[in-house]
Amino acid sequence: MKHGYLIDMDGVIYRGSEAIPGAAEFIRYLQEEDIPYLFLTNNSTYTPLDVVVKLRKFNIETSVEHVYTSALATAEFVQKQKPHGTAYVIGEGGLLSALNDADYAISRESPDYVIVGEGRVLNFEMVEIAHRLIEKGAGLLSTNADTWCPTDSGPRPGCGAIVALLESATGRKAYHVGKPNPFMMRAARKNIGLSTDEVIMVGDTMETDIRGATDLGFQSILVLTGSTTLESLEQYPFRPTRVVESVAELAPALAGL
Ligand SMILES: [Mg+2]
């Protein structure tokens, strides 16, 4: 049967600055067999080109059409909801450039939205500006709800945690565009050009990757090289279609298939 893969990156392809063994072989296998694939990440820090260059370090040669980030999904979302609008952004280059490409101007003069993304640019002045703009009517959006991110030196607060601060201060609820939101999952499916039955999501996080796939009716493969252990699966009322130790099991040459 025709099929293709949506592939999460952190915890699947690499962990921090280290490649996960078998990842490069898996991607090469997809390329050789002409199997459609799309890297799907909730990290809105980087542009698709940044991601392509980063993957090169892990011996993966790909191109920008194979990368879909929560920054691109967020830009697509606001473009559909309110074309040619304005946004105040707490985020990095990946988000800013996606918004600009979607005809969105960055402004702190009564913007349509306050948009929070992943990154390390936060300071109190920005939170204060965002708080006041939301009070004045700007919609609160975030690229993703992840409350923490893994790094080489340990966890750090994620986009979802910063948004929680603004939600608490303003009493408003944010709309999170990234996985598991069906908006991003559906946009990814359209991007890869497959029907629901043909899509297989590969990820390491139950709450985002596997939940998003389950909501849309995609098949899903959980890898145990990231944030989820086999024992913790019992805590969830939904299950992946399949569980593997790592992506190496999906590369026929390595799995001895
Ligand atoms: Mg991950």
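Trainee: What makes E4 and strand E5 (residues 67-69) a pair?

Mentor: Count the bridges. Two strands pair if DSSP finds at least two bridges between them. E4 and E5 have 3 bridges, in the parallel sense. Therefore they count as a pair. Look for Phe-39, which stands opposite Val-67 in E5.

Trainee: How far can I trust these labels?

Mentor: This is a predicted model, where local features need pLDDT of at least 70 and side-chain atom pairs count only at pLDDT 80 or more, while totals for chains, interfaces and linings use all residues. Residues are numbered from 1 along each chain as its sequence is written.

Trainee: What else does E4 pair with?

Mentor: E1 and E4 run parallel, joined by 3 bridges. Tyr-5 has Tyr-37 in E4 as its bridge partner.

Trainee: What makes E4 mostly covered?

Mentor: In E4, 4 of the 5 residues are buried. The rule counts other C-beta atoms within 10 Å of the residue's own, placed from the backbone: 20 or more is buried, 12 or fewer is exposed, and in between is partly exposed.

Trainee: How do you know whether Ile-7 is buried or exposed?

Mentor: Ile-7 lies in strand E1 (residues 4-7). It has 26 other C-beta atoms within 10 Å, so it is buried. Leaving out residues up to four places away in sequence, Ile-7 touches Val-12, Ile-13, Tyr-37, Phe-39, Leu-40 and Val-202. Contact here means C-beta atoms, placed from the backbone, within 7 Å. Gly-212 is 205 residues from Ile-7 along the chain, with 12 Å between their C-alpha atoms.

Trainee: What is Glu-207 counted as, and why?

Mentor: Glu-207 sits in helix H8 (residues 206-216). It has 17 C-beta neighbours inside 10 Å, so it counts as partly exposed. From Leu-30, 177 residues away along the chain, its C-alpha atom is separated by 26 Å.

Trainee: Which residues of H5 are buried?

Mentor: Ala-130, Leu-133 and Ile-134. Viewed down the helix axis, the buried residues of H5 fall within an arc of 100°, so they line one face. The arc is that of the directions from the axis to the C-beta atoms.

Trainee: What do the two sides of H5 meet or show?

Mentor: The buried residues pack against strands E6 (86-90), E8 (113-116) and E9 (139-142), and against helix H6 (159-170). The face turned away carries exposed Phe-124, Glu-125, Glu-128 and Glu-135. After H5 comes Gly-137, with a positive phi near 120°.

Trainee: In what order do the 5 strands of the open sheet stand?

Mentor: The order is E7-E6-E8-E9-E12, and the pairing is parallel.

Trainee: Why do E7 (105-106) and E12 (175-176) stand at the edges?

Mentor: Each has a single partner strand, so one side of each is left without a neighbour in the sheet. E7 pairs with E6 over 2 bridges. Ala-87 has Ile-106 in E7 as its bridge partner.

Trainee: How many bridges hold E8 to its partners?

Mentor: E6 and E8 share 4 bridges, and E8 and E9 also pair over 4. Ile-90 stands opposite Val-116 in E8. Val-114 has Leu-140 in E9 as its partner. From E8, Tyr-113 and Ile-115 point one way, Val-114 and Val-116 the other; all are buried.

Trainee: What are the two domains?

Mentor: Domain 1 is 4-42 + 179-255, and domain 2 is 71-176. The bounds come from an automatic or database assignment.
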